[in-house]
Amino acid sequence: MIAQRLKPETAALAVIPAEPTHAYALRALSLTAYYATTEEAALWYKPEEFMSRMQAFPEGQFVAVHLPTNEIVGYTSGMRFNYDPSVPFTETWEHTTGFG
């Protein structure tokens, strides 16, 4: 686990807006965090999907950077969409996220 590797004296973190240059690190972090198989990895967590989220809603995408190593150690990803609770929500995840 990444958190166990950080020592208190060097665990300086910064939370900053995600940038397209972070996309490959976000993919690697996601594959580690969610224990994706090789088959799942081929379908999930494509760098283009992270970049698509940054383009669609940049103010909802953040990364946690371990400052001494500049390693991405966390992220959060938000999205906004129109939702009417009086209408059944039946579309697929792919459609909801715009395939990203």
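This is a predicted model: local features need pLDDT of at least 70, side-chain atom pairs count only at pLDDT 80 or more; totals for chains, interfaces and linings use all residues.
## Exposure of helix α4

A residue is called exposed when its relative accessible area is over 50% and buried when that area is under 20%.

## The buried face of α4

Helix α4 covers residues 47-56, and its buried residues are Pro47, Glu49, Phe50 and Met54. Viewed down the axis of α4, these residues fall within an arc of 165 degrees, so they line one face of the helix. An α-helix has 3.6 residues a turn, so residues three or four places apart point the same way.

## The packing of α2 with α4

The axes of α2 and α4 are 8 Å apart, and the two helices pack at an angle of about 115 degrees; their crossing is right-handed. On the α2 side the contact is made by Ala23, Tyr24, Leu26, Arg27 and Ser30, while α4 contributes Pro47, Phe50, Met51 and Met54. Sorted by class, this contact has seven nonpolar residues, one polar residue and one charged residue.

## Helix α2 and the residue that follows

The buried residues of α2 are Ala23, Leu26, Leu29, Ser30 and Leu31, and among the residues of α2 that make the contact with α4 are Ala23, Leu26 and Ser30. Beyond the helix, α2 is followed by tyrosine 35, whose phi is positive, near 50 degrees.

Note on methods
Residues are numbered from 1 along each chain as its sequence is written. Side-chain values use heavy atoms; hydrogens and water are left out. Buried means under 20% relative accessible area, exposed over 50%, partly exposed in between (1.4 Å probe, protein chains only). Helices (H or I, at least four residues) and strands (E, at least two) are DSSP runs, numbered from the N terminus. The arc is that of the directions from the helix axis to the C-beta atoms. Axes are lines fitted to C-alpha atoms, for helices over the stretch in contact, and angles run from 0 to 180 degrees between N-to-C directions. A crossing is left-handed if the near helix is turned anticlockwise from the far one by less than a right angle, and right-handed if clockwise. Contact means heavy atoms within 4.5 Å. Ala, Val, Leu, Ile, Met, Phe, Trp, Tyr, Cys and Pro count as nonpolar, Asp, Glu, Lys and Arg as charged, and the others, Gly among them, as polar.
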